[in-house]
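Please read them with the model open.

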Amino acid sequence: MIVGNLFQQAYTIVDSAIVGHYNGEAALAAVGASSALTTIFICVAIGGGIGASVIISQHFGAKRFARMKSAVYTALLTFLAVSVLLAGVGLLCSEQIMTALKTPPDALEIAVTYLNIYFYGLPFLFLYNILSSLFNALGKSRIPLYFLIFSAVVNTVLDLLFVVSFGMGIEGVALATVIAQCLSAVLTLYVLTTTDGPYRICWKKLCMDWSLLYRIVCVGLPAAIQQMVTSVSNVFVQSYINVFGSDVMAGWSACMKIDQFMMLPMMSVGLASTTFTGQNVGASYIDRAKKGATTAFLLAELVTIVMMIPLLIFAPQMVYLFNQEAAVIRFGTLFLYLLSPFYILCCVNQVYSNVLRGAGDTRTPMIVMLGSFVVFRQIYLFAMSHIFDSIIPIALGYPAGWLVCSVLIYACYRKFRWDKGMRKN
């Protein structure tokens, strides 16, 4: 899962690096500003995948294979419909949203162009995330990984072909991403329709199970709301960044791409703990689920610390990969130095929030994360922006939210009653 998520993140990292190299800081700033919006839609897909994976993994752990397959069908139909709806909304409102976010004039048109092409590929993004969640819930995370690696390579080749050879600029980068996402989704779907396993998709039996949809929504909606509203909050953070101009925006964009890379291992371990917890709760192995939570936390901390060391040493060189302007490198490096020491905090909320979700409690992580990443962070940013005329307090809004969230999530985990999760099965 870690490797798969790293390759999935390679889409945006490669996009930003190629755009920054061949189209300048305005294009890089546009991709960064767009990412704040596209992350909202990605988080809805991830939230839906969490809801589906919890239900699927619990039925799989309890060996209720017929109900598991019905959950797969229901999740596919539901989230494909949701993705088409969101893509339509995005296409209609992209310019108005980017204008409201105070995107500078030199980056506005480029950002809207990127977004409009991106939205055409949104159903494929949702499809891949749902299918990937299914495989992860069954403990078969290698299958979507192989296709994701292939599509990531295709994305890189197409980026270079469209941008460098054909001179298509931001349109070429967006088109390459859509094609690559389509490939990963279609190939993963092909395996599901040809496998001999109990999770094989039979198109003639594809139907909705409303009782399972209710369970998926009960589990997935809080996760999706938390992911989406947190992303909306991050969009407002982007609006605070945009005020400082294109150099700061481009530096922040480069930092956020590296930040997403740093967050992926702990997020992947957290998502794996969701599946592990769900399967063990379904099989009534509560002690094993608790041991898994501790192991997942220690693993996330170890990987994060190992990754932090080269980041702190080579921060300027990493920013240089995205843009060679001195001002952009200076700001990007500053942001990385500010955020890096606090990644250890994130392991707490990423792992234990997902353990709670796997046990069937998605409401508590939603409330805690919304309170920390939305309410607290927005109050903090509003106060800092009126007290200081500096980018540093604004950038520290991220770690401030991480600290509050980690303390609260761990306290909730310690008080969690595991028998509640068992009764919900």
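1. C93 is partly exposed, because its relative accessibility is 30%, between the 20% and 50% cut-offs. The model is predicted, so please read this and every value below as computed from it. C93 sits in helix α2, which covers residues 65–100. F322 is 229 residues away from C93 along the chain. The C-alpha atoms of C93 and F322 are 28 Å apart.

2. Now take S94. This residue also belongs to helix α2. S94 has a relative accessible area of 2%, so it counts as buried. What does S94 touch, leaving aside residues up to four places away in sequence? The contacts are V112, L115, N116 and F119.

3. Helix α3 runs over residues 105–120. The axes of α2 and α3 are 9 Å apart, at an angle of about 170°. The two helices are therefore roughly antiparallel, as the angle is over 145 degrees. Their crossing is right-handed.

4. Which residues form the contact between α2 and α3? From α2 come A87, G90, L91, S94, E95, M98 and T99. From α3 come L108, A111, V112, L115, N116, F119 and Y120. By class, the contact of α2 with α3 has 9 nonpolar, 4 polar and 1 charged residues.

5. The buried residues of α3 are A107, L108, A111, V112, Y114, L115, Y118 and F119. Among the α3 residues that meet α2 are L108, A111, V112, L115 and F119.

6. Next, α4 (residues 122–137) and α6 (residues 170–194). These helices pack with their axes 8 Å apart, at an angle of about 40°. That angle makes α4 oblique to α6. The crossing of α4 and α6 is left-handed.

7. On the α4 side, the contact with α6 uses F124, L125, L127, Y128, L131, L134 and F135. On the α6 side, the residues are Q181, C182, S184, A185, T188, L189, V191 and L192. The contact of α4 with α6 holds 12 nonpolar residues, 3 polar ones and no charged ones.

8. Further along, look at α12 (residues 343–358) and α15 (residues 397–415). Their axes lie 8 Å apart, and the packing angle is about 40°. So α12 is oblique to α15. The crossing of α12 and α15 is left-handed.

9. Helix α12 brings Y343, L345, C346, V348, N349, Y352, S353, V355 and L356 to the contact with α15. Helix α15 brings P399, W402, L403, C405, S406, I409, Y410 and Y413. The residues of this contact divide into 14 nonpolar and 3 polar, with no charged residue.

10. Last, a backbone point. Where is S284? S284 lies in the loop between α8 (246–282) and α9 (286–313). The phi of S284 is near 65°, a positive value in a residue other than glycine. Is S284 buried, partly exposed or exposed? S284 counts as partly exposed, because its relative accessibility is 44%.

Technical notes
Residues numbered from 1 in each chain as written. Predicted model: local features only at pLDDT ≥ 70, side-chain atom pairs only at ≥ 80, totals over all residues. Heavy atoms only, no water. Helix = DSSP H or I, 4+ residues; strand = E, 2+ residues; numbered from the N terminus. Buried < 20%, exposed > 50% of the residue type's maximum accessible area, 1.4 Å probe, protein only. Contact = heavy atoms within 4.5 Å. Axes fitted to C-alpha atoms, helices over the stretch in contact; angles between N-to-C directions. Parallel < 35°, antiparallel > 145°, perpendicular 65-115°, else oblique. Left-handed = near helix turned anticlockwise from the far one by under 90°. Nonpolar A, V, L, I, M, F, W, Y, C, P; charged D, E, K, R; others polar.
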